[in-house]
Amino acid sequence: MTAAPATTATILIIEDEEALLLAMAHHLRREGYGVLTAARGDDGLRLAREREPDAIVLDLMLPGVDGMGVCRALRRDSRVPIIMVTALGGEGDRIVGLDAGADDYLPKPFGMRELLARVRALLRRAPARTAEPPAEDMLRSGDLEVNAARREVRRGGALVRMKPREFELLLFLLRNPGQVLSREHILESVWEHDFHGDARTVDVHVRWLRQKIEANAASPERIRTVRGSGYLFEG
Ligand code: CA
């Protein structure tokens, strides 16, 4: 088994003309792309949402939901690069396609080299999703920067080593700033059900965490102790 390169992008093709769909899929695969296909607009829309491709080649005239409908539906919550292809090809259609939120427009008939060039250009222009994780995976607070996906913590740009549970605790605090969090709540959320300890475990981990993220652990400004209640992350 050959492992695909980590940078391989996945392209979703939504096209009801079978011969064209197969030709596009073949050429994109040969370039090393992962390829998903759909012959109907509604199926394509579902695939786009389930599989989150890196780019979409979208036919205008489709059964189910047409290309415009697919494009508009996707644009409500996605910035995935879209190339609209169509047999119509007039200036008016081009503008309508771009209005619906497509990034590029390719009139039929087109050559496969043209398609590949457009896809490459589109992926180059698109924000590199592998380089920058989704916003919810990056958490920032002052000089603290946490990459949840890579489990990486930086303080003032410098990598901070964390034990797994310290990291989980920090993540939980970052996601719940400005709230008083009881030790029991923290214990349940961070340790889940695999731990039968008591609340003092939380205190110990908070102490360790403070040594790593506070300017002065003896006088913490980030993780405050709320007497009798728990902790509060200033955020
Ligand atoms: Ca069509």
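**View 1. Pairing of strands β1 and β2 in the predicted model.** In this predicted model, strand β1, formed by residues 10-14, pairs with β2 in the parallel sense over 5 bridges. Within this pairing, I13 is placed opposite T37 of β2.

**View 2. The open sheet and its strand order.** The sheet is open and consists of 5 strands with parallel pairing, arranged in the order β2-β1-β3-β4-β5. Its edges are formed by β2 (34-38) and β5 (104-107), each of which pairs on one side only. From one strand to the next, the twist averages 20°.

**View 3. Helices α1 and α3 against the sheet.** Helix α1, residues 18-30, packs on the sheet and touches β1, β2 and β3 (55-59). The direction of α1 makes about 165° with that of β2. Helix α3, residues 67-75, lies across β1, β3 and β4 (82-86). Relative to β4, helix α3 runs at about 170°.

View 4. The calcium ion has D16 (OD), D59 (OD) and M61 (O) as its protein donors, at 2.1 to 2.3 Å. Along the chain, these donors follow the spacing D-x42-D-x1-M. D16 belongs to the loop between β1 and α1, and M61 to the loop between β3 and α3, so this pair ties together parts that are 45 residues apart in sequence.

View 5. M61 has a relative accessible area of 53%. The threshold for an exposed residue is over 50%, so M61 is classed as exposed.

**View 6. The crossing of helices α1 and α5.** The axes of α1 and helix α5, residues 112-125, come within 10 Å and cross at roughly 60°. Helix α1 is therefore oblique to α5. The crossing of these two helices is right-handed.

**View 7. Residues that meet between α1 and α5.** On the α1 side, the residues are L20, A23, M24, H27 and L28. They meet M112, L115, L116 and V119 of α5.

Key
Residues are numbered from 1 along each chain as its sequence is written. This is a predicted model: local features need pLDDT of at least 70, side-chain atom pairs count only at pLDDT 80 or more; totals for chains, interfaces and linings use all residues. Side-chain values use heavy atoms; hydrogens and water are left out. Two strands pair if DSSP finds at least two bridges between them. Helices (H or I, at least four residues) and strands (E, at least two) are DSSP runs, numbered from the N terminus. Axes are lines fitted to C-alpha atoms, for helices over the stretch in contact, and angles run from 0 to 180 degrees between N-to-C directions. Contact means heavy atoms within 4.5 Å. Donors are N, O and S atoms within 2.8 Å of the metal (3.2 Å for Na, K and Ca); water is not among the atoms, so sites may look incomplete. Buried means under 20% relative accessible area, exposed over 50%, partly exposed in between (1.4 Å probe, protein chains only). Angles under 35 degrees count as roughly parallel, over 145 as roughly antiparallel, 65 to 115 as roughly perpendicular and the rest as oblique. A crossing is left-handed if the near helix is turned anticlockwise from the far one by less than a right angle, and right-handed if clockwise.
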